[in-house]
Amino acid sequence: MNLLELRHVSKNYATESTPVPALNGVSLNVSEGEFVALVGRSGCGKSTLLNLAGAMDLPTSGDVLIDGQSTSALSEAALTKLRREKVGFIFQSFQLLPTLSVVENIELPLLLAHRSGARQSALDRLGSVGLEGYDARMPYQLSGGQMQRVAIARALVHQPRLLLADEPTGNLDSVTGDSVLELLLHISRQHRMTIIMATHSREAAAIAGTVLTMRDGRFVE
């Protein structure tokens, strides 16, 4: 079954003069448990595709379906609910809240979704990324690799169906980046997590089961 479908999707961004195309008629099917890497230079459309795949943005034309639901047909409240329940996000810049401790950052998605047992779930997830005992630390007390592991724990704490990673090793040195990639591969295999990762690195993309190259808003051979 396809967890994610893009059907002839285009996305244009408005400017003062003419619309700027970011995606041009892209179609994609991603099955449950599949690990897909999107490879290409900056500006090729990778991040735009991830935003559409995670219901953070809507297509100009075409259709995006997450678990059979068309994002364009959903209300803002329904889109928020879909993101909180089915999608996890990992960003290059970590996006941890600096005033919250590690465990508070991880449990935040559960608190926003009014789920019970948020603190214990956050502690369990923290241990699963190799950072047991780091719960009381603040983000500034962590290395880059540790911050990304916390961000991964936060993305997984609500047990999403789809994990989206936008340049997850972009701010890390090669050794630390490799450890983050190994963690993502472990998550993919152990939990059959559906993962879509955008990267400019073909070495990073090599861990994925499917590698797609993008250029000028399209897939290329």
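Begin by selecting Gln146, which lies in helix H5, the run of residues 144-156, and bear in mind throughout that this is a predicted model. Because its relative accessibility is 19% and the cut-off for buried is under 20%, Gln146 counts as buried. If you now show the side chains around this residue, you will find a polar contact of 3.4 Å that joins Gln146 and Tyr134. Leaving aside residues up to four places away in sequence, Gln146 touches Leu131, Tyr134 and Gln141.

Stay in the region of the nonpolar core and select Ile106, Val150, Ile152 and Leu163, which touch the most other members among the 40 residues of the largest nonpolar core. The elements that give two or more residues to this core include H3, H4, H5, strand S7 (162-166) and helix H6 (174-191), and H5 gives the most, with seven residues. Centre the view on Val150, and, not counting residues up to four places away in sequence, you can pick out its contacts with Leu96, Val102, Ile106, Leu126, Leu131 and Leu142. Apart from this core lies another, of 28 residues, and Leu6, Leu23, Cys44 and Val64 are among them. As general background, nonpolar side chains in soluble globular proteins tend to be buried together.

Next, colour the strands of the open sheet, in which four strands follow the order S2-S1-S4-S5 with antiparallel pairing. Strand S2 (20-31) and strand S5 (69-70) stand at the edges and have a single partner strand each, so one side of each is left without a neighbour in the sheet. Between them, look at strand S1 (residues 2-13) and strand S4 (residues 61-66), which pair in the antiparallel sense over five bridges.

The last stops concern the backbone. Most residues other than glycine have a negative phi. Select Phe94, in the loop between strand S6 (87-91) and helix H3 (102-112), where phi is near 70°, a positive value in a residue other than glycine. Then move to His114, in the loop between H3 and helix H4 (118-128), which has a positive phi of about 60° although it is not a glycine. Which of these is buried and which exposed? Phe94 is buried, with a relative accessible area of 10%, whereas His114, at 73% relative accessibility, counts as exposed.

Technical notes. Residues are numbered from 1 along each chain as its sequence is written. This is a predicted model: local features need pLDDT of at least 70, side-chain atom pairs count only at pLDDT 80 or more; totals for chains, interfaces and linings use all residues. Side-chain values use heavy atoms; hydrogens and water are left out. Buried means under 20% relative accessible area, exposed over 50%, partly exposed in between (1.4 Å probe, protein chains only). A polar contact is a pair of N or O atoms within 3.5 Å; within protein, one must be able to donate a hydrogen and the other to accept it, and residues adjacent in sequence count only if both atoms are side-chain atoms. Contact means heavy atoms within 4.5 Å. Two strands pair if DSSP finds at least two bridges between them. A nonpolar core is a set of buried Ala, Val, Leu, Ile, Met, Phe, Trp, Tyr and Cys residues joined through side-chain atoms within 4.5 Å.
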